[in-house]
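Please read the points below with the model open.

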Amino acid sequence: MDHNSHHSGTAHGHSAPAGGRDHSSHGGHGGRGGHHGGDAHGASWATATKATLHCLTGCAIGEILGMVIGTALLWDNVPTMILAITLAFIFGYSFTLFAVVRAGLSLKAAIKVALAADTVSIAVMELVDNAIIALTPGAMDAHLSDGLFWSALLGGFAVAFVITTPVNKWMIGRGKGHAVVHAYH
């Protein structure tokens, strides 16, 4: 697919505003003339939302798996959280890694792209999500069968999504974060 037509304003379901030109897709082009003075209007909210959902999916799979494993093995809170956060990063990176390898990148190059694309997003998401869980009374001691376990975990994901989306919008608008993946879609 022609890279310019991929980002023409109608890609990914975006439509140009009344009056003609949509500049929301120009921000993710790094050194290719897509920057507009470094302000965040270069990325659309839809693009940022998709990038955040992509990150959230990998983080949620990894974190839930880590919490389930740690809780099932009767581990203390700290090792369980370390496992959950580690798996969140692994699964978060793996979604991007597999996509760009499938697009033809070498494994070494794909790892660099995944690290550049997802590190800040995953870190913000994990920081917020785990802070919500840690600050929810009783959540750290809840078991898998407790509604509090799941409500704190899912509530943390919801709050993390709301906070991480503007971070991703800002980064994509500057040609960073998930913007580095667009060349491989």
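Predicted model: local features only at pLDDT ≥ 70, side-chain atom pairs only at ≥ 80, totals over all residues.

What is the relative accessible area of isoleucine 111, and is the residue buried, partly exposed or exposed? The answer is in point 2.

1. The protein has 5 helices and 0 strands. Along the sequence the pattern reads α-α-α-α-α. The protein has 185 residues, and 42% of them count as buried.

2. Isoleucine 111. This residue belongs to helix H4. Its relative accessible area is 38%, so isoleucine 111 is partly exposed. Leucine 97 lies 14 residues away along the chain, and the two C-alpha atoms are separated by 6.2 Å.

3. Isoleucine 82. Here the setting is helix H3. Isoleucine 82 has a relative accessible area of 51% and is therefore exposed; the cut-off for exposed is over 50%. Its sequence separation from glutamate 63 is 19 residues, with 9.5 Å from C-alpha to C-alpha.

4. The core. The largest nonpolar core holds 29 residues. Within this core, Cys59, Met67, Val100 and Met125 touch the most other members. At least two residues of the core come from each of H2, H3, helix H4 (107-135) and helix H5 (147-173). H4 gives the most, with 9 residues.

5. Aromatic pairs. How many aromatic pairs does a search of the whole structure find? It finds 2. In one of them, the ring centres of phenylalanine 89 and tyrosine 93 are 5.9 Å apart and the planes meet at 50°, so this pair is tilted. Both residues sit in helix H3 (residues 77-102). They are 4 residues apart, about one turn of the helix.

6. Phenylalanine 89 has a relative accessible area of 21% and is partly exposed. Tyrosine 93 is at 18% relative accessibility and so counts as buried. The cut-off matters here, because buried means under 20%.

7. The edge-to-face pair. Phenylalanine 149 and tryptophan 150 have ring centres 4.8 Å apart. Their planes are at 80°, so the pair is edge-to-face. Is phenylalanine 149 buried or exposed? At 7% relative accessibility, phenylalanine 149 counts as buried. Tryptophan 150 is partly exposed, and its relative accessible area is 30%.

8. A charge over a ring. Which ring does the charged end of lysine 169 sit over? It is the ring of tryptophan 45, with the charged end 5.1 Å from the ring centre.

9. Leu65, Ile69, Leu73 and Trp75 make a nonpolar surface patch of about 350 Å². Where is tryptophan 75 placed? It lies in the loop between helix H2 (45-72) and H3. With a relative accessible area of 40%, tryptophan 75 is partly exposed.

10. Points to look at again. Isoleucine 82, at 51%, is called exposed. For the ring geometry, view the planes at 50° for phenylalanine 89 and tyrosine 93, then those at 80° for phenylalanine 149 and tryptophan 150. For the surface, view the patch that includes Trp75.

Note on methods:
Residues numbered from 1 in each chain as written. Heavy atoms only, no water. Phe/Tyr/Trp six-rings, centres within 6.5 Å; stacked < 30°, edge-to-face > 60°. Buried < 20%, exposed > 50% of the residue type's maximum accessible area, 1.4 Å probe, protein only. Lys NZ or Arg CZ within 6 Å of the ring centre and 35° of its normal. Patch = residues over 30% accessible without salt bridge, like charges linked within 9 Å, V, L, I, M, F, W, Y side chains within 5 Å. Areas by Shrake-Rupley, 256 points an atom, 1.4 Å probe, with all protein chains shown as cover. Salt bridge = Lys/Arg side-chain N within 4 Å of Asp/Glu carboxyl O. Core = buried A, V, L, I, M, F, W, Y, C linked by side-chain atoms within 4.5 Å.
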